[in-house]
Amino acid sequence: MTYQQTIDYLFSRLPMFSRIGADALKKDLTNTIRLCEFLDNPYKKFKSIHIAGTNGKGSVSHMLAAIIHSSGYKTGLYTSPHLKDFRERVKCSGKNYLEMIPEEFVIEFTEKIKPLIEEIEPSFFEITVAMAFDYFAQQKVDIAIIEVGLGGRFDSTNIITPELSVITNIGYDHMNIPGDSLEKIAFEKAGIIKKNVPVVIGETLPETKSIFEEKAKQENAEIYFAREKRNVQDWRWEKHELIVEVEEQHHTDHSVFHLDLPGIYQTKNLLAVLEVCTILKDLNFNISSNTIKIGLAHTKKITGLHGRWEVLQTNPTVVLDVAHNEDGIKQLILQVELTNHHDLHIVTGMVKDKEVDKVLSLLPCSANYYFTQAHIPRALTADILKEKAEQFNLKGNSYPDVNTALKAAIVKSGKEDLILVCGSLFLIGEVNTSVH
């Protein structure tokens, strides 16, 4: 098969959450175990860090990968979903930055396990996780950063025993899958806590802290709450950078970090990343203050991360952000309020299984709206989204695709206006960044 035929095979034959939602998910790790046994259990051949959370797990994964790569370790990175190219999901250290898994490996891997695919009918997630693990083992990575796809306890990645687990935060997102309360969601995320493996908790809520503590106690896992060790004293934007001043317990001097991920919500993720780095040092990883700063300043360049308050152009300013749930949108609107602009234009599209009404209730009535949709079956149609938005006094027109909507927003905008594209990672993935 060619590469495109291979991708078509994976996407068309297998149930996939990004296309059809909860039906693609299995509350069982059997298929992942079967696939990995067939591959001689590649996940046992490299060290790993396991990262879960409602928001921030992608940013934390990429920041850590950039730091560890900058520290001289051959680093693997598995994340999901992808924006434009399937191979974004699996990356490994090259000479200067992380490089995507080669097309040839994707083809050969799929051909190799095709008989087993036909026999056990694994999900898209199960196959891609096995592919990532096999690639990292072949590449002999020193350590791999493994991002949970969804939930935690039954996620395909949860067969690993990592050096360290991380849970960034807990909030409402895919409520029909992890659970319909914060306590249930926390219980699912806590499923990645393993026996005798330390765990870092980025943010907690009164409803969730005891759940993490109880699970850590059951597993004899040392638990670290990132915000108890450090706090952000100050931050500012400068030349598309977020500059953050951090105060640490029992330290007189403050540390200053320059982040090329400029969203103010990264101040929360930063505290989790710094705590992880401290624990990695205790585990005898050679990570210096300097390489931490280098990794944070060049995360986008090293890892290729996009869609986190990503400024596409200026005059007018066009920003792409993958925020799509209640907590993510709250942080995004806060950032909008702190950003100098004249009029606000919001290009948005959402998917059916999200808390659409809750998100719409958070959006400002004063903005101009351009309702659209991603080209996946899971997408809420632009017309239905427009109807729902009108109930919250959000006014605008509907458009067949995000690029048409974005062009309309640019035409209508003045040079001092802000255009924000948000609501769905799949929508951001369809933006033609070379045109604008």
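How many nonpolar, polar and charged residues does the lining of the second largest pocket have? The count comes to 7 nonpolar, 6 polar and 6 charged, with Ala, Val, Leu, Ile, Met, Phe, Trp, Tyr, Cys and Pro taken as nonpolar, Asp, Glu, Lys and Arg as charged, and the others, Gly among them, as polar. The model is predicted, so local features need pLDDT of at least 70 and side-chain atom pairs pLDDT 80 or more, while totals for chains, interfaces and linings use all residues. Residues are numbered from 1 along each chain as its sequence is written, and side-chain values use heavy atoms, leaving out hydrogens and water.

That pocket has a volume of about 380 Å³. A pocket here is an open set of points on a 1 Å grid over the protein atoms alone, where a 1.4 Å probe fits, with protein on both sides within 12 Å along at least five of seven lines; lining residues have an atom within 4 Å of a point. Grid points are joined across faces, edges and corners, and the volume is the space filled by probe spheres set on them. Of the 19 lining residues, Trp237, His240, Trp309, Val311 and Thr339 are the closest to the centre. Strands β9 (230–238) and β13 (317–320) each give two or more residues to the lining.

Further along, β14 (residues 344–348) runs parallel to β15 (residues 368–371), joined by 4 bridges; pairing takes at least two DSSP bridges. Valine 347 has tyrosine 370 as its bridge partner in β15. Helices (H or I, at least four residues) and strands (E, at least two) are DSSP runs, numbered from the N terminus. Parallel β16 (residues 396–398) joins β15 through 3 bridges, with tyrosine 369 opposite glycine 396.
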